[in-house]
Amino acid sequence: MEDDAPVIYGLEFQARALTPQTAETDAIRFLVGTQSLKYDNQIHIIDFDDENNIINKNVLLHQAGEIWHVSASPADKGVLATCYNKTADGKVVTCAAVWRMPAELEPGGHESPEDAASPAHALELLCHLGPAAHGSTACVAWEPAGDGKRVISLADNHILLWDLQESSSQAVLASSASLEGKGQLKFTTGRWSPHHNCTQVATANDTAVRGWDTRTMSQIYCIESAHGQLVRDLDFNPNKQYYLASCGDDCRVKFWDTRNVTEPVKTLEEHSHWSQEPPQDSVIATYEEHEDSVYAVDWSSADPWLFASLSYDGRLVINRVPRALKYHILL
């Protein structure tokens, strides 16, 4: 039964990595990655039963390290990528790898939230995305409409395009490009556009937003001062091929037409903290179930009116677009 009331799930560890299970379009499912220095980290598979308004979950061990980013294959429900910290030669570096869930969990029975007694399964490592020589990896983006065999990783000032071969057990570097300029340039985030036959990627570094053509790995547009402070996140409008949204530490959400990036199409600053869930023209609802910094917000891939948010204290909240607004749009 549809209900506007939020549903809350608590992880025992801190967390900031969240993604919908993109290849799953029937069940409402999210993946959450934890950050713990003392214990084995985990991927929580969260299934939301919208008829009964309850959450079911499975927990997978991610023993490689703290998870800073997680993304799901668009083609294979059992495959995901993580960016995680590890220590090498006395330095902490953020690595990226592709993993497979145990076959019995793709998809299958679930524990109830109260059942923590059963031992957790471990993720199976399929391949690493590159040597540490490329630098620390900020994020991994899958080709949106692809067969799950092409991913991009952003490592320091490198944008790397990988072909996953042999059932994703081998990653071959197909092409790459680098940021050039003064100082230590580093990518912070990126998104692969679902339009233009999936040939365009947008990236953020510092206050700049850049577009890249994956066929030539060349830059196709650059917004040097997209925000007054660090750009935190980007996303493409899935319905309008030239529209890109960005948000930054300057507490602004901006909308861009990538055909002409001289000025934003629209700028919103109706919030006191930066947000990764930009409204279209004005704020339509505020959700206040979190008590710590919110690091991720993602729409469900199965229900366009439902989204999950994750705060650093490990609180996952599932919310919906207000019912009155939903029916106003639909009717």
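The model is a predicted one, in which local features need pLDDT of at least 70 and side-chain atom pairs count only at pLDDT 80 or more, while totals for chains, interfaces and linings use all residues. Residues are numbered from 1 along each chain as its sequence is written, and side-chain values use heavy atoms, with hydrogens and water left out. The chain holds one helix and 25 strands; these are DSSP runs numbered from the N terminus, helices being H or I of at least four residues and strands E of at least two.

**Overall form**

- Along the principal axes, the C-alpha atoms fill a box of roughly 55 × 50 × 35 Å.
- Of the 331 residues, 49% are buried, where buried means under 20% relative accessible area, exposed over 50%, and partly exposed in between (1.4 Å probe, protein chains only).

**Thr 19**

- Thr 19 lies in strand S2, which spans residues 14-20.
- Thr 19 counts as buried because its relative accessible area is 8%.
- Leaving aside residues up to four places away in sequence, Thr 19 touches Phe 30, Leu 31, Val 70, Ser 71, Ala 72 and Asp 298; contact means heavy atoms within 4.5 Å.

**Salt bridges**

- The chain has 13 salt bridges, each being a side-chain nitrogen of Lys or Arg within 4 Å of a carboxyl oxygen of Asp or Glu.
- Asp 213 and Arg 215 form a salt bridge at 2.8 Å, N to O; Asp 213 is buried at 10% relative accessibility, whereas Arg 215 is exposed at 62%.
- Asp 257 and Arg 259 are joined by a salt bridge whose closest N and O atoms are 2.8 Å apart; Asp 257 is buried at 12% relative accessibility, and Arg 259 is exposed at 54%.
- Arg 252 pairs with Glu 269 in a salt bridge, with the closest N and O atoms 3.2 Å apart. This pair links distant parts of the chain, 17 residues apart: Arg 252 is in the loop between strands S20 (243-248) and S21 (253-257), and Glu 269 is in the loop between strands S22 (266-268) and S23 (294-299).
- Arg 252 is partly exposed at 28% relative accessibility, and Glu 269 is partly exposed at 49%.
- A network of salt bridges links Glu 24, Arg 29, Asp 47 and Lys 77.
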